[in-house]
Amino acid sequence: MSERCAITPILPAILLAAIIFLICGDCIIYKVSFPTVSIYEKNSSNSTIAHITQVHIEPTLVGEPLQSSPNNRDDNDSETFDSLVIPSNLSGKKARIDWFRKHLPDFRILQSNNLTQKFHDRFLEFLSQKCETQFFMTWVSPARSFRGRELMAVESVFKSHPRGCLTILSRTLDSERGCQILKPLLDHGFKIQAITPDLPSLFKNTPVEVWFDELKRGKKDPGQIPLAQNLSNLMRLAVLYKYGGVYIDTDFIVLKSFMGLKNSIGAQSIDPVSKNWRILNNAVLVFDKNHPLLEKFMEDFASNFDGSRWGYNGPFLVSRVMSKVTGATARLGFNVTVLPPAAFYPVDWTKIGELFKRPENRAAASWAKAKQAQINKEAYGIHLWNKQSKSHITQKGSVIERLFSDHCIICSYT
């Protein structure tokens, strides 16, 4: 059985225990299934993107409770566990591996506890009933960092997919604090679960199984980028490979239904002359279970991992693999659609800041209104590029504020 987000009683008093139960007892999690449903293709006439197929899934809703563990009671001590990095003065591979091996116990994302041991059963239970669309996110930062913008991304999923399901692979959100963060959406009846992943189980029988085993034993160079960020790139590939569905980053705002998408990845930029894609991105991935391209992605991850080059194991990985499988010497059978930048990345990361600004005059206001209309018409969603935009305040009347207002549920994103 799944478990309830409930605060473990500290005091023996029955009254206090009852009060605590009432405070968090409403956090209800629902079960869903994606990988075993029947899928067939149908022409989509509503999309502005050509050559998209329609996924049809019969929904069944079953309510079950969820409970957190004392091991995840609070993440006050985990502010840095996901951001541990090799000291910058350790530039050599051997020196980095030696440091990593000594500090392995500090990398909590690699450690097991009673929740990781229950991962398989809890996850299968959540996926055991049919669902319209199965979404996945990963969150490798402290729960306290999951704020308004991240909640806006979650709300946008259910605004466009009220009968969809969302699994967040996260050790920190699978806690009492995480339960309270997600409680407003749970109270609305949406099916969402934060679950602590068991990485050995997730990677088992995939091309990265051996690589991860060697990493856990301190035999791999983790590089100088926080290891959890690179593992997030890997988790999204593995969870889609094993279960199928839609992965989105926590800084991606869904604007319309993904029901018409199948085995799709988005281009971040295209060549202005040839119109061929130049670079793809892995912030949004839509794939069936056991899709061979996901296997190729993981093979490349294990063979070419470089933890010191930003994006090398993410956008550049999917780009270099796709260039191989779609080139002149590529074999057939991958059945994947590359969508244009307008689908997922309608605004480049270098220009995203402009969309957070309030129009200062009539001309700017007209531009903002037209830009919003264009995005709503052409895009399935918009990537906010948090690394570049996190310092921007969402100003009233801005394009982002208008989009948030149209696609929020709780609407406490400010």
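Predicted model: local features only at pLDDT ≥ 70, side-chain atom pairs only at ≥ 80, totals over all residues.
Buried here means under 20% relative accessible area, exposed means over 50%, and partly exposed is what lies in between (1.4 Å probe, protein chains only).

Residues are numbered from 1 along each chain as its sequence is written, and side-chain values use heavy atoms, with hydrogens and water left out.

**Overall picture**

- The protein chain has 15 helices and 11 strands; helices (H or I, at least four residues) and strands (E, at least two) are DSSP runs, numbered from the N terminus.
- Of its 414 residues, 54% count as buried.
- Contact means heavy atoms within 4.5 Å. Take the contacts in the protein chain with a separation of 6 or more: 81% of them come from residues 24 or more positions apart.

**Cysteines**

- There is 1 disulfide in the structure, a disulfide being a pair of cysteine sulfur atoms within 2.5 Å.
- The partners are Cys 408 and Cys 411, with 1.8 Å from S to S.
- That link between Cys 408 and Cys 411 is right-handed, with 85° about the S-S bond.

- Two packed helices are described by the angle between their axes and the distance between the axes.
- Axes are lines fitted to C-alpha atoms, for helices over the stretch in contact, and angles run from 0 to 180 degrees between N-to-C directions.
- For the labels, angles under 35 degrees count as roughly parallel, over 145 as roughly antiparallel, 65 to 115 as roughly perpendicular and the rest as oblique.
- A crossing is left-handed if the near helix is turned anticlockwise from the far one by less than a right angle, and right-handed if clockwise.
- Helix α9 (residues 227-243) and helix α10 (residues 292-304) have axes that come within 9 Å and cross at roughly 150°, so α9 and α10 are roughly antiparallel to each other.
- The crossing of α9 past α10 is left-handed. On the α9 side, the residues making the contact include Leu 234, Leu 237 and Tyr 241, and on the α10 side they include Phe 297, Met 298 and Phe 301.
- Helix α8 (residues 209-216) also packs on α9: the axes come within 13 Å and cross at roughly 160°. This pair, α8 and α9, is therefore roughly antiparallel.
- The α8 and α9 crossing is left-handed, with Trp 211, Phe 212 and Leu 215 of α8 meeting Leu 227, Leu 231 and Leu 234 of α9.
- On to α10 and helix α11 (residues 315-325), whose axes come within 10 Å and cross at roughly 120°; α10 and α11 are therefore oblique to each other.
- Here α10 passes α11 in a right-handed crossing. Among the residues that meet are Leu 293, Phe 297 and Phe 301 in α10 and Leu 317, Val 321 and Val 325 in α11.

- The side chain of Lys 262 is joined to that of Asp 288 by a polar contact of 2.8 Å. A polar contact is a pair of N or O atoms within 3.5 Å; within protein, one must be able to donate a hydrogen and the other to accept it, and residues adjacent in sequence count only if both atoms are side-chain atoms.
- Phe 344 is in helix α12 (residues 341-344) and is buried, its relative accessible area being 0%.
- Setting aside neighbours within four places in sequence, Phe 344 has contacts that include Phe 252, Phe 258, Leu 261, Ile 265, Tyr 380 and His 383.
- His 383 is 39 residues away from Phe 344 along the chain, yet their C-alpha atoms are separated by 6.4 Å.
- Gln 372 belongs to helix α13 (residues 362-378) and is buried, with a relative accessible area of 10%.
- Leaving out neighbours within four places in sequence, Gln 372 is in contact with Val 399, Arg 402, Leu 403 and Asp 406.
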